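This briefing sets out selected features of the structure shown below, grouped by topic.

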Amino acid sequence: MKTILKRKILIPIFAIAILFTGTAFKTANNNFFEIAKQIEIFTTLFKELNMNYVDETNPADLMDNAIKNMLNELDPYTQFYNEQDVEAERIKRTGDYTGIGARIKTLKDKLLVIEPYKGYPADKAGLKAGDEIIKVDGQTVIDYKDDAGNLLKGTPNSSTTITYVRQGKTKTTTLKRSEIEIDAVPHFSMVNETTGYIVLKKFNEKASQQTGYALKDLKAQGAKSIILDLRSNPGGLLSEAVNVVNLFVPKGQLVVTTKSKVKKYNRTYYTKRDPIDTEIPVVVLINGRSASASEIVSGTIQDLDRGVIVGARSFGKGLVQRPKKLTYGTQLKVTISRYYTPSGRCIQALDYWNKDEKGNAVRVKQKDYNAFKTRNGRKVFDGGGVVPDEALEYSKNSAITTAILNNQSVFDYATKYYYSHQNIEDINKWKFTDSDFENFKNYLKKTGFSFETETEKSFAKAAEIAKTENLDEDIKRDYNALIENLNNSKLKAIDENKSQLMSLLSDEIIKRYVYREGLYDYYKIHNAEIKKATEILNNPSKYRKYLN
């Protein structure tokens, strides 16, 4: 029995050793000996641990944790994927999968429905945002060891019975899974008689084809200018970013360069197709969650002076990943290079190779940014994402807004609001009022929302040191007064970010009534960023001024 166990443990270890030593021969640094040495140390440690530890061990779990902790020392984009993770990545890339048709958040004891997609099984079965799925086909979520979200997947037309909690009441429904197609462009339409609006949500394999179709259709409807909305687009395929840029610039234009320590990954990407329109005025909308491929598109459009960028500074991801197949259907997604826009800048904002005392990557400081020039000679900078030509303060998430979003308070309040306001006659005339905002603030208090600032953390640390040094009561009184002032300042910060929070709350509430499709129609009337984009496009001299 011990011999069999030993084989089970050692075979994958030797496979890993062979994989790494095979790769090591090709490394530019010729550090074969050091890699081989470390693998030998780890192999002997892993064997001894599993054979001698006082309790039964799970070699697969130990190895999974070892790999993931090792990769955590690098950047968040270099990841190990098991077989389920590989399938999830395929879905992201293609935009197609089989399931219930809803965006789901996996929590420890439940699956939270974030957004049912209109017309798909979850929607037809009556599931709504905020529903908490606690059981799938008899399997309780809390007792499921793997990713419980996989319980909802299956073959087309297969049935699944779901038990969920809504507003404290337990309900059950049965639905049939279907093939789900996730559009890269979920919406396009005319904002007014001359301005077209295209929402590009992700750079999957359909991104450029669907964006091109939307652009042609809007031009046929009379569009003389275009708003391309890349807000909260997390990116995706680099090749699709190049193809989207190609819709607006000529064939043969440099879009992005990648640079790596491995020569074969040093590449230049040029547009390869005939464009649709190289003259139509374009405004690109971005925000702090526009990343990667979104930044290639917006950064290139800016560098080439092909359009005006509006909104808030983008996320700042200038790193390129590539999947590498491993054994047993697993994969390593590894950061292989940095990318550079046509002006020569890399917009990577976080330095993962330099960490602070808490182990977090440090942000590139503004004083260390380097200046570059666009085609028309305008100054642009590296190191901190794409900075808009027209930066809007209300588009930028403050620390308090980010904390409220991360705490899920906006989502949960929208659920509460929906069930107490189920009849809204005309959603396009609806507004989130000042009175509603006061209710939201009271909701934050009742639910115990707390937000610790960096200043507060520093004061707390100083107070701990003061205790060990037996400092007097005056310092304690001053400290308490400072904390009270900080708490008042945090309450004030909520009011200072009122317009942005009201906008975020409006978006989340509207989706409950008219789905995401209806939200985009609402945007065209009420969204401040779209109003600013339209204003710029309606004034040709103002538009040209940004680019010169």
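Asp274 is exposed, with a relative accessible area of 63%; exposed means over 50%, buried under 20% and partly exposed in between, with a 1.4 Å probe and protein chains only. The side chain of Asp274 meets that of Lys251 in a salt bridge, at 4.0 Å from N to O. This pair links distant parts of the chain, 23 residues apart: Asp274 lies in the loop between S14 and strand S15 (282-286), and Lys251 in the loop between helix H7 (238-246) and S13. Lys251 also counts as exposed, at 51% relative accessibility.

The model is predicted: local features need pLDDT of at least 70 and side-chain atom pairs count only at pLDDT 80 or more, whereas totals for chains, interfaces and linings use all residues. Residues are numbered from 1 along each chain as its sequence is written, and side-chain values use heavy atoms, leaving out hydrogens and water.

**Salt bridges**

- A salt bridge is a side-chain nitrogen of Lys or Arg within 4 Å of a carboxyl oxygen of Asp or Glu, and by this rule the count comes to 22.
- Arg103 pairs with Glu115, with the closest N and O atoms 3.8 Å apart. The two residues, 12 apart, link distant parts of the chain, Arg103 being in strand S3 (residues 102-106) and Glu115 in strand S4 (residues 111-116).
- Arg103 counts as partly exposed because its relative accessibility is 38%, while Glu115, at 7%, is buried.
- Arg103 and Glu115 are linked with Arg516 in a network of salt bridges.
- Asp229 forms a salt bridge with Arg231, the closest N and O atoms being 2.7 Å apart, and both residues are buried.

**Surface patches**

- Patches are made of residues with over 30% relative accessible area and no salt bridge; like charges are joined within 9 Å, and nonpolar side chains (Val, Leu, Ile, Met, Phe, Trp, Tyr) within 5 Å.
- A patch of positive charge on the surface gathers Lys264, Arg267, Lys272, Arg273 and Arg322. Lys and Arg count as positive and Asp and Glu as negative, with His and the chain ends not counted; the charge is placed at NZ of Lys, CZ of Arg, CG of Asp or CD of Glu.
- Lys264 lies in the loop between strand S13 (254-259) and strand S14 (267-270) and is exposed, at 61% relative accessibility.
- Phe42, Leu45, Leu49, Tyr53, Val54 and Leu62 make a nonpolar surface patch of about 550 Å².
- Helix H2 (residues 32-52) gives the largest share of the nonpolar patch, three residues. Leu45 is found in helix H2 and is partly exposed, at 49% relative accessibility.

**Buried positions and their contacts**

- Ser208, in helix H6 (residues 207-220), is buried because its relative accessible area is 8%.
- Beyond its neighbours within four places in sequence, Ser208 is in contact (heavy atoms within 4.5 Å) with Glu240, Asn243, Val244, Leu247 and Arg273.
- Asn497 sits in the loop between helix H13 (473-496) and helix H14 (498-526) and is buried, at 15% relative accessible area. Not counting residues up to four places away in sequence, Asn497 touches Ser398, Ile400 and Thr401.

**Overall architecture**

- The secondary structure comprises 16 helices and 23 strands, taken as DSSP runs numbered from the N terminus (helices H or I, at least four residues; strands E, at least two).
- Of the 548 residues in the protein, 45% are buried.
- Among contacts between residues at least 6 apart in sequence, 69% join residues at least 24 apart.
- The accessible surface comes to about 29,900 Å², 51% of which belongs to carbon and sulfur atoms; areas come from the Shrake-Rupley method with a 1.4 Å probe, and for residues only the protein chains shown count as cover.
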